[in-house]
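Visitor: I have the sequence and the model open. Walk me through a few side chains, please.

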Amino acid sequence: MTFIDTHSHLYDEAFDADREQALQRALDAGVSTLLLPDIDSSSRPHQQALAAAHPGCTYEMAGLHPTSVKEDYEEELRLVHDLLFSGHHYIAVGEVGMDLYWDRTFEVQQREALKRQLRWALELNLPVCLHIRKAHNEVFGLLREMNRPAWRGVMHCFGGSLQEARRAVEMGFHLGIGGVVTFKNAGLAEIVKEIPLEHLLLETDAPYLAPAPHRGKRNESCYIPLVAQKIAELKGIGVEEVADVTTASARALFTLPSL
């Protein structure tokens, strides 16, 4: 079986002591490919170094994370624009979005940053990786306002309602499913039961949100099979089918080469 972790921050400082070993554990677990979302200019050199060191199994996105939208967001956006239009191959614009969980101080700026990056994705025909936290109404409103017949992308670490999940799928998005689906009393489990498998992607968001039985510890891409197994249980199918369908979906969405 082959898996793809569609959202891993393996370049994060949490892996400084054993990054190469963590990558090898992922490969040993059948996770052949890790997609690396961008955060901002401070983390980008680490992301770029990891991707350069492991071509063929790590792939970069470029974008400004919503929680990094601060007073200097215009300069940060300029850097993202220059990357995306540099000719370097990026698999997606991300992770971008809106996050109003802790603070709404920069809500207007987050909206502007998202709108601009969505336009760049459309111009470059790239999918988008959306980070949405306590902002589903705001993001759906912006997407409707842009009046596109369909979108290409993933709502990473999906945390909305079943109604919002169906709306996302209708608009063309996949749902990123990670360790939260293994948590007891997680509403995500009911969403996974209802949404067809072809609209789901596997992810970790490593080093965050490790699945049970590792909850509360550092997450790793090697735990992707635990997420796949839970999805298989919820849907009453084999884990091989989950691996095959989600891997094919990720390869198609992000235009990844076949192994």
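Visitor: Which residues are buried in α3?

Guide: First, some ground rules: this is a predicted model, where local features need pLDDT of at least 70, side-chain atom pairs count only at pLDDT 80 or more, and totals for chains, interfaces and linings use all residues. Residues are numbered from 1 along each chain as its sequence is written, and side-chain values use heavy atoms, with hydrogens and water left out. Helices (H or I, at least four residues) and strands (E, at least two) are DSSP runs, numbered from the N terminus; buried means under 20% relative accessible area, exposed over 50%, partly exposed in between (1.4 Å probe, protein chains only). In α3 the buried residues are Y73, E76, L77, V80, L83 and L84.

Visitor: Within what arc do the buried residues of α3 fall, seen down its axis?

Guide: The arc is taken from the directions from the helix axis to the C-beta atoms. The buried residues line one face of α3, because they fall within an arc of 120°.

Visitor: What do the buried residues of α3 pack against?

Guide: Packing here rests on contact, meaning heavy atoms within 4.5 Å. The partners of the buried α3 residues are α2 (44-53), β4 (93-99) and α4 (107-124).

Visitor: Which residues are buried in helix α6?

Guide: Helix α6 covers residues 162-170. Its face turned away from the buried side carries the exposed Q163 and E170. The buried side packs against α5, β6, β7 and α7 (188-194). The buried residues of α6 are E164, A165, A168 and V169.

Visitor: Which residue with a positive phi follows α6?

Guide: The phi in question is near 110°. The residue after α6 is G172.

Visitor: How many aromatic pairs are there?

Guide: Rings of Phe, Tyr and Trp (its six-membered ring) pair if their centres lie within 6.5 Å; planes under 30 degrees apart count as stacked, over 60 as edge-to-face and the rest as tilted. By that rule, the number of aromatic pairs is 2.

Visitor: Are Y101 and W102 stacked or edge-to-face?

Guide: Their ring centres are 4.7 Å apart. The planes meet at 85°, so the pair is edge-to-face.

Visitor: How far apart in sequence are the parts tied together by W151 and F173?

Guide: W151 and F173 form a stacked aromatic pair, 6.4 Å centre to centre with 15° between the planes. Both residues are buried. W151 lies in the loop between α5 (136-146) and β6 (153-156), and F173 in strand β7 (residues 173-177), so the pair ties together parts whose separation in sequence is 22 residues.

Visitor: Which residue lies over the face of F183?

Guide: A charge sits over a ring if NZ of Lys or CZ of Arg is within 6 Å of the ring centre and within 35 degrees of the ring normal. R167 lies over the face of F140, at 4.6 Å from the ring centre. Over F183, at 3.7 Å from the ring centre, lies R215.

Visitor: Is N219 buried or exposed?

Guide: N219 sits in the loop between β8 (200-202) and α8 (224-235). Its relative accessible area is 0%, so N219 is buried.

Visitor: Which backbone oxygen does the side chain of N219 reach at 2.9 Å?

Guide: A polar contact is a pair of N or O atoms within 3.5 Å; within protein, one must be able to donate a hydrogen and the other to accept it, and residues adjacent in sequence count only if both atoms are side-chain atoms. The N219 side chain reaches the backbone oxygen of L209 at 3.1 Å. At 2.9 Å, the backbone oxygen belongs to T204.
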